[in-house]
Amino acid sequence: MEQMALAVLVAAGGCAAAVAAAAALMRCRRRLAGAWAERDRLAGRVEHLTAALATARAAADSDRQSKAQFLATMSHELRTPLNAIIGFSELMLHQVFGPMGNTRYVEYARHIQNSGTHLLELINDVLDMSKLEAGRYMLDERPIHVADLLDGCLTVASVAADQGRVTLDRVIPPALPFLCGDERAVRQVVLNLLSNAVKFTPEEGRVTLSAGLTADGDLTIVVQDTGIGIEDEALARITEPFQQADTSIARRFGGTGLGLAISRSLMELHGGTLVFASTVGQGTTVTMRFPGVRVMAAVTEGAAATPSG
């Protein structure tokens, strides 16, 4: 149609402006037709990619479900015999049913118990990490007596500290408020941090556990050590799953590298943060920070706790 109109204008001796306008109109129409065609092509591409993404997502969900089922089965199949091994080795270690006759057997029983306990801890770490990654870890929130929890953690950590000749210091105010959170999860984070601090602190070193409130009402729990410290490059990825400070430390001290990744995720579930500061050769400071909305007034027996802010 545009070509016919242009021909008519030229034949009729139309003005040059009319001819130019008609030519411009033809170009615009062609560009518009091209744009519509490109739009249709892109729409088809988007539809194809959306379908492919939906298929991939369904496959990923299926893989996660299979992984969760496998881990649940593994949990039962491994934990059950491990608990038996640990329990029976403890009976043998303490010679509950009478002396074993040779002191070497007692030492063997201790090795069996320690190895079984270590393997059970590794399995628990893998299962916890899997739940956290799948978003299936649910917090059991209730008022936590923070001072009592920290004292219990210090008692547990004191065994390894005594063996490594590391001094544990306690800087916890007597009037520390309650915290609304998952007691098991908070204890797990504190124990992870204390265990690492003791592990990477040489003999005659110190590990300090402190707690308090910030000016804006947040609750902080701090683990500070005089250990070997962490290099900046390693510090940037220290809370990623399966990461260690460096390969030499991994070979010397072992572990899956999941403890700090789990600790970070558990703090995030509480709306809190886990912050690291370290200097090689001087030590490391790790700060657990819980938001003020989780800080609670003291709980009296039979009464519910209330936010202190």
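Where is the place of R165?

1. R165 sits in the loop between α4 (146-164) and β2 (167-171); helices (H or I, at least four residues) and strands (E, at least two) are DSSP runs, numbered from the N terminus. Before going on, please keep in mind that this is a predicted model, where local features need pLDDT of at least 70, side-chain atom pairs count only at pLDDT 80 or more, and totals for chains, interfaces and linings use all residues. Residues are numbered from 1 along each chain as its sequence is written, and side-chain values use heavy atoms, with hydrogens and water left out.

2. Two backbone angles deserve a look. Most residues other than glycine have a negative phi. R165, however, has a positive phi near 55 degrees, and its relative accessible area of 49% makes it partly exposed (buried is under 20%, exposed over 50%, partly exposed in between; 1.4 Å probe, protein chains only).

3. E204 also has a positive phi, near 70 degrees. This residue lies in the loop between α5 and β4 (206-213) and is exposed, at 56% relative accessible area.

4. Helix α8 (residues 259-269) is mostly covered, with 8 of its 11 residues buried. Among them are L260, I262, L266 and M267. The buried residues of α8 pack against α3 (103-133), α5 (183-199), β6 (273-279) and β7 (283-290), contact being heavy atoms within 4.5 Å. After α8 comes G271, with a positive phi near 75 degrees.
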